[in-house]
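Hi,

Here is the structure I said I'd pass on.

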Amino acid sequence: MYLIEGILNHKQACALLFVSVCLWGSVMSARQATAAAKTRHGSWQQHPADAVERGRSQFLKKCAFCHGREANGGSAGPNLMRSAVVRHDENGNLIGSVIRDGRPDKGMPAIQLTSDQIMDVVAFLRYRLAESDLRSPKEPGPEYSGAKLLIGKVEDGKAFFYGAGGCSACHSPTSDLKGIARRYPAVELQAHLLYPQDQHLRATVLDSSGKQYAGVIRFLTNYDIAIDDDAGWYHSWPLDAIKLELKDPLAVHRQLLPKFTDSDMHNILAYLETLK
Amino acid sequence: MKSIVLFLCAAPIYAQGLDPGALLKPPTDTWPSYNGDYSGRRYSTLSRINEDNVRSLTLAWAFQAHQQELKSTPLEVNGILYFTVPNHVWAVDARTGRQIWHFQRQSEGDDIGQRGVAMYGDRLFFGTPDAHLICLDARSGKKIWEVEVADVKFGYYISMAPLVVKDRLIVGISGDQTDIAGFLDARSPRDGGLLWRWDSLPKPGQFGSETWPNRDAMAHGGGTTWMTGTYDPELNLLYWGTGNPHPVLAGRVRPGANLYTCSIVAINADTGKLIWYFQPSPHDTQDRDATETPILFDADFQGRPRKLLAQASRNGYFFLLDRATGENLLSTRFGPENWSAGLNKRGEPIPKPEKEPQPAGVLFEGTGTNWWAPSFDPDTGLFYVNAYHHFAVTYLTRNGEDEAIRWRRDSPVGPGEAFVSVGAGILTTAGHLLFTGDNAGDLVALDPATGGSLWHVFAGGRLTGCPMTYELNGQQYLLTAVDSVLYAWVLPREAPFAAVPPSSHVSDLETPEFSEFFQLRRPQKRR
């Protein structure tokens with residue numbers, strides 16, 4: 001993610017991806033996205049945090065002037081995240097001599113650092129590699145700044161809530177949404193308002209003997225349905241042997257998703273954020 | 001010189017390996033390459049299993065790999081199957097499912113998937129998570145050579161199945177972890193030596209460099225080549241899809257169309273030179289690789305016979321091109337999206353700048369597909385693809401008369417997970433059948449004309465690979481990979497199995513000679 005630093009920091013970049021996850025809707029649950037991220041992140045073995053911090057401090061003093069504060073390139077020195085020496089280094093075996101001897105042919109002077117200090121710089125660079133290589137979808141934590149999300153207009157959001165959005169047909173700021181902004185950080189509230197994933201599809205089933213069942217759907221395939229009835233018992237049927245009625249509590253949200261403009265989304269979030 | 005001598009010495013044994021001519025024929029008793037043939041259509045002329053008898057499909061065998069999910073399409077050559085997961089290759093008896101050998105080599109690097117091997121004579125080739133290319137002896141699974149294709153420390157890895165074209169291995173690479181440059185290699189089956197390399201990104205001053213803001217962004221701009229492409233032997237052109245630009249989402253640091261990322265390219269198979277390109281996603285900021293199989297077929301388009309190339313791209317567009325010239329004949333969406341503002345004069349979607357990722361979030365709607373194989377059925381003239389947003393099997397006609405979706409099979413919504421993206425490939429056959437897997441985990445055979453369901457079975461998980469089929473000893477086998485299990489399906493034999501003496505099933509027999517004796521005593525033992 002180093003290329004976008006200066007425009008966006010790393011966490012913001014991750015959050016951008018999250019938005020696409022929750023809106024694709026549909027494509028992948030956040031949990032799956034996180035699992036996918038685990039299989040794809042870099043495998044940079046990390047040094048202890050105190051070594052990383054000592055290394056960062058040394059780097060800022062002795063290296064950042066040329067290589068940039070985050071080691072991703074500066075006024076005179078190359079981006080070290082793209083350095084084969086840095087990426088192939090094992091415990092300073094490659095970086096060490098470059099620091100000690102410099103690279104006179106490329107204009108890099110020898111840097112006065114002790115062996116321990118060099119190891120700390122190596123720890124910092126490892127840390128930066130892991131950070132810059134991590135670029136798969138990742139849920140932004142609740143700490144993601146709400147201020148960045150709140151670019152909408154409260155009044156327009158309220159108008160949408162009671163008007164075009166039709167939200168007030170099911171929701172009320174004085175009952176179910178009372179204090180909603182306290183219950184969720186802004187970034188989660190944004191995900192919830194678009195697609196509240198904790199709502200379950202319900203079914204009513206009329207079997208061949210005329211008996212009726214109702215409950216939450218366990219699975220619904222092209223051929224079979226299974227529910228947990230309201231007493232908690234599991235039932236399943238082939239679809240061709242029953243009459244089925246589905247009740248989708250998210251139907252309105254689904255219908256709304258393709259109709260939302262970006263402004264609608266930002267405005268409604270701004271309005272909901274006032275419901276503290 | 002030594003390797004050449006070895007090569008020549010080994011030549012007579014190739015008679016037992018893959019006949020190079022098989023690569024130019026429709027796959028019947030042999031499935032010699034990732035897609036079965038160069039066209040990428042994944043259509044089999046076999047029809048023993050057909051719409052009338054598919055309901056009686058029965059299990060021939062199952063192979064449990066005890067590894068991560070199988071995404072590879074097995075090759076089948078002379079009664080032996082060859083398939084992979086990252087770091088592993090198996091040779092398995094195509095009739096019985098019994099393992100012949102298993103090659104394993106652990107490595108660092110991304111192990112998200114492995115699509116399979118390529119075969120040349122009696123040699124197999126596969127790529128590794130640390131971006132090495134390995135050659136194995138197909139008889140024994142013993143390693144013959146290994147070369148590094150790219151540097152794993154920069155996040156390169158190989159997941160694609162190489163493609164054999166004449167006496168070359170065409171090898172692509174993967175990687176999204178850092179900002180890297182994509183390329184496509186032709187390498188020697190003899191020793192893995194580089195014969196040519198096509199770079200996905202132009203050099204300063206070359207055509208396409210004007211689609212990048214500066215030298216640095218262009219040198220690290222992505223465009224990996226992580227899926228097996230197709231090949232037209234008459235035109236001697238390779239057709240390859242390229243992946244997303246780097247950095248993946250942050251488009252503001254790379255203004256421009258970013259050639260040749262998210263592109264379909266035609267490359268001379270002998271020289272590695274670019275002949276034409278078409279870019280499904282200019283300036284992509286949503287990770288919409290255009291690596292999906294570019295399927296080749298010939299048909300009339302608007303009354304004129306054409307050599308065609310069709311791709312259902314990850315960005316939700318279906319493209320039809322003239323594969324000799326790259327001329328765009330048709331670009332049409334196969335599902336809803338909100339990120340494009342129409343098409344440019346080349347028939348490429350124009351991305352809306354306001355739909356690039358923003359800190360406050362941008363509402364993005366799309367339809368997409370991914371690496372799982374599409375299929376073109378010459379009998380129906382339809383192109384099939386599994387897509388998400390909705391699980392949809394869609395088609396577009398080969399002659400462009402009807403640009404609409406004729407049928408779509410929506411997968412029901414499961415609780416809490418909405419529409420989970422599918423990963424199932426498609427196979428069509430002359431038996432008037434389409435095999436795939438649905439979102440709910442059922443393996444299905446559908447009527448390719450209507451989408452109606454003809455057969456289904458839940459085999460314990462989702463179809464993770466692409467179905468394939470072959471004929472062996474008068475039986476047609478259908479293979480489906482479900483998680484780490486490979487299932488082989490056949491029709492029941494017309495004659496019942498020859499009666500086998502029950503004694504041979506007694507598991508506690510020590511020596512077969514005493515079978516009758518033990519048989520007599522067996523009831524007593526069970527008491």
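**Helix packing in chain A**

In this predicted model, the axes of helix α3 (residues 49-62) of chain A and helix α7 (residues 115-133) of chain A come within 7 Å and cross at roughly 100°. Axes here are lines fitted to C-alpha atoms, for helices over the stretch in contact, with angles from 0 to 180 degrees between N-to-C directions; helices are DSSP runs (H or I, at least four residues) and strands likewise (E, at least two), numbered from the N terminus. That makes α3(A) roughly perpendicular to α7(A) (65 to 115 degrees). In contact terms (heavy atoms within 4.5 Å), the α3(A) side includes V52(A) and F59(A), and the α7(A) side includes V121(A) and F124(A).

Helix α11 (residues 186-194) of chain A is mostly covered, with seven of its nine residues buried (under 20% relative accessible area, 1.4 Å probe, protein chains only). Among them are L189(A) and L193(A).

L220(A) sits in strand β2 (residues 212-220) of chain A and counts as buried because its relative accessibility is 9%.

**Conventions**

Residues are numbered from 1 along each chain as its sequence is written, and chains are lettered from A and ligands numbered from 1 in the order written. Local features need pLDDT of at least 70, side-chain atom pairs count only at pLDDT 80 or more, and totals for chains, interfaces and linings use all residues, while side-chain values use heavy atoms, leaving out hydrogens and water.

Technical notes. Buried means under 20% relative accessible area, exposed over 50%, partly exposed in between (1.4 Å probe, protein chains only). Angles under 35 degrees count as roughly parallel, over 145 as roughly antiparallel, 65 to 115 as roughly perpendicular and the rest as oblique.
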